[in-house]
Amino acid sequence: MQTFSVLKTRLFFIAFFFVSLNAISQADTLAPYLKTLYIPPFNIQMADSSWFGKNDLQAKPTLILYFSPDCGHCQLETEELLTQIKEFKDLQIVMVTSRGTDEMKIFSDKYLLQKFPSIKIGSDTKRFVTRYYQVKFTPFSALYNKKGKLVKVYEGGIDFNELKELVHKS
């Protein structure tokens, strides 16, 4: 009887070891943004060849919006954002693409993004943002509060009603 109890205890510890090992393995596969939860140290190249990064942000809610200039959903999301831009006066928006500055500039000019001081748009020449968020689909957005802490991630499109609520709470 005692042997069965010892065997049961050993089996429990072996199972616990493998469950723990699996949890550690899964933690290693998490995207960096899920581990850190704060705005990453990004740098994007603007159309005028200047750089804009985390240190240039103001202490207010921030939306990092990763897009591709030729993505139809990204174009629709940009149009929707611009129709509601007045409701996002307390939000700074950083639009990021891994495409070259020429394609980014064409996109920016098409939507007249330079007319909106709250929007910064640039090219992620080193693909840092793509890797940091492990972007699989565009558009991809991450909302941070005024302290730079992650509030919500939108994979594949923003729920603008929810975004409004979250920005006003941040």
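This is a predicted model: local features need pLDDT of at least 70, side-chain atom pairs count only at pLDDT 80 or more; totals for chains, interfaces and linings use all residues.
Me: With which residue does lysine 152 form a salt bridge?

Reply: Lysine 152 sits in strand β7, and its partner sits in helix α6, 10 residues apart, so to speak a link between distant parts of the chain. The closest N and O atoms of the pair are 3.7 Å apart. The partner counts as partly exposed at 26% relative accessibility, and its name is glutamate 162.

Me: Nice. Serine 141 is in contact with lysine 152 too, so is serine 141 buried or exposed?

Reply: Serine 141 is found in strand β6. Beyond its neighbours within four places in sequence, the contacts of serine 141 include Leu63, Glu77 and Tyr154. Because its relative accessibility is 1%, serine 141 counts as buried.

Me: Over to helix α3: why are its buried residues on the same side?

Reply: The buried residues of α3 are Cys74, Gln75, Glu77, Thr78, Leu81 and Leu82. They lie on the same side of α3 because the arc they cover around the axis is only 165 degrees.

Me: And which exposed residues does the face turned away from that buried side carry?

Reply: The buried residues of α3 pack against several elements, among them β3, α4 and β6. The face turned away from them carries the exposed residues His73, Leu76 and Thr83.

Key: Residues are numbered from 1 along each chain as its sequence is written. Side-chain values use heavy atoms; hydrogens and water are left out. Buried means under 20% relative accessible area, exposed over 50%, partly exposed in between (1.4 Å probe, protein chains only). Helices (H or I, at least four residues) and strands (E, at least two) are DSSP runs, numbered from the N terminus. The arc is that of the directions from the helix axis to the C-beta atoms. Contact means heavy atoms within 4.5 Å. A salt bridge is a side-chain nitrogen of Lys or Arg within 4 Å of a carboxyl oxygen of Asp or Glu.
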